[in-house]
Amino acid sequence: MNAELRKAQLLRRMNDAEHKPAAVEGEEIFLPLPDGRMRALLYRAKRSDAPLFVDVHGGAFIFASPEEDDFFCASLRRTLDMCVVSLDYPLAPEAKFPAALEAIYAAILGLRARAVQLGFDPENISIGGHSAGGNLAAAICMMAKQRGDLALRCQLLAYPAVDMGCAIPLSQKYRDPLEIPQDILDFAASCYATRAQFDGDALCTPCLATTEQLSGLPPAIVLTCEHDSLRTEGEIYAANLVRAGVDVTFRRFPGACHGFTIFPDPLREQGLAFLFDALRRCIA
């Protein structure tokens, strides 16, 4: 076992011990993939034609699981009566870019084929994620535009990690000494992709996307935090989307820190209210 994998596994154990809940509201299901299957948590709506929200959890591409997003997903289901599916996608460094993206994309196509069984409208699918999950959600929207076989209604990007390389000079980025250290960001990037990929591929580093790549993407909800090392890149990506003609609902939360809409936090309910209200307008 190499040093990269050992460090990733240590971070996983530490994260699970601190954040993984003992019980969740989601129902475990398995989605077929071309080379196997993907585990997911399903939150069923009360109605049979509900919109679907595909949740992509965070965790720096190397740790975490759908269980950590249980409060978010259960709250979304209750508030908007949406069907929610949180994906347990393959993690780096075992699964390097673009393995997670391809697996997520295949899982969404598989979900759409089971719409009647799971109780949602196959023509009203949105995707979203926090942190690394925001990166993956943004990239899935670009892939859907490129491939033309998946229509997405909305993308929800909460403090997204959208600059894995050097799209934005470090000197221009906000840095908070109490938030994510640069060495952890660098380690996560090295686990997920090669230098050439995160310096040259917009599916890896969405901040690299051209206006042409962003034009025509689904409406975006972008939330950033005042105290977050990812603040600058999330706000620049939101501005890039606006310049490309994408409808963007944006807010920077004063006083908020990275992860505040997932983990217990005094501002969590306010953050969720902003996200859910914006999502309600997108899926109407």
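## Cysteines and disulfides

A disulfide is counted here as a pair of cysteine sulfur atoms within 2.5 Å. By this rule the predicted model contains 0 disulfides. The sulfur of C204 has its closest cysteine sulfur in C207, at 12 Å, and this is too far for a bond. The sulfur of C83 is likewise too far for a bond, because its closest cysteine sulfur, in C73, lies 11 Å away.

Burial is judged by relative accessible area: under 20% is buried, over 50% is exposed, and values in between are partly exposed (1.4 Å probe, protein chains only). C204 counts as buried, at 0% relative accessibility. C83 also counts as buried, at 0%.

## Basis of the values

This is a predicted model in which local features need pLDDT of at least 70 and side-chain atom pairs count only at pLDDT 80 or more, while totals for chains, interfaces and linings use all residues. Residues are numbered from 1 along each chain as its sequence is written, and side-chain values use heavy atoms, with hydrogens and water left out.

## The sheet

Helices (H or I, at least four residues) and strands (E, at least two) are DSSP runs, numbered from the N terminus. Two strands are taken to pair if DSSP finds at least two bridges between them. The model has an open sheet of 8 strands with mixed pairing, in the order 1-2-4-3-5-6-7-8. Its edge strands, each pairing on one side only, are strand 1 (27–33) and strand 8 (248–257). From one strand to the next the twist averages 25°; axes are lines fitted to C-alpha atoms, for helices over the stretch in contact, and angles run from 0 to 180 degrees between N-to-C directions.

Strand 1 pairs with strand 2 in the antiparallel sense over 7 bridges, and I29 stands opposite A40 in strand 2. Strand 7 and strand 8 pair in the parallel sense, over 7 bridges, with V222 opposite F250 in strand 8. The chain passes from strand 7 through helix 9 to strand 8 in a right-handed β-α-β crossover. Right-handed means that, with the strands pointing away from the viewer, the path from the first strand over the helix to the second runs clockwise.

Contact means heavy atoms within 4.5 Å. Which strands does helix 10 (residues 268–283) touch? Helix 10 packs on the sheet against strand 3, strand 5 (120–130), strand 6, strand 7 and strand 8, and its direction makes about 165° with that of strand 7. Helix 9 (residues 231–243) also packs on the sheet, touching strand 6 (155–158), strand 7 (220–227) and strand 8, and its direction makes about 150° with that of strand 7.

Helix 2 (residues 70–80) is largely enclosed by the rest of the structure, because 8 of its 11 residues are buried. These are D70, F72, C73, A74, S75, L76, R77 and L80. The buried residues of helix 2 pack against strand 2, strand 3, strand 4 (83–87), strand 5 and helix 10. Just after helix 2, D81 takes a positive phi of about 50°.

## Nonpolar cores

A nonpolar core is a set of buried Ala, Val, Leu, Ile, Met, Phe, Trp, Tyr and Cys residues joined through side-chain atoms within 4.5 Å. The largest has 75 residues, and those with the most contacts inside it are L87, L101, I127, L136, I140, Y192 and Y237. Helix 5 (residues 132–147) gives the most to this core, with 10 residues. A second, separate core has 30 residues, including Y43, V84, F253 and L272.

Leaving aside neighbours within four places in sequence, Y237 is in contact with A138, M142, L157, V162, P206, C207, L214 and L217.

## Individual residues

T205 lies in the loop between helix 7 (195–200) and helix 8 (211–214) and is buried, with a relative accessible area of 0%. Not counting residues up to four places away in sequence, T205 touches V162, D163, M164, G165, A167 and F198. The C-alpha atoms of T205 and M164 are separated by 5.2 Å, although these residues are 41 apart along the chain.

D49 is found in the loop between strand 2 (36–43) and strand 3 (50–56). Beyond its neighbours within four places in sequence, D49 is in contact with G119, F120 and D121. L33, in strand 1, counts as buried at 15% relative accessibility. With neighbours within four places in sequence left aside, the contacts of L33 are M38, A103, A106 and A107.
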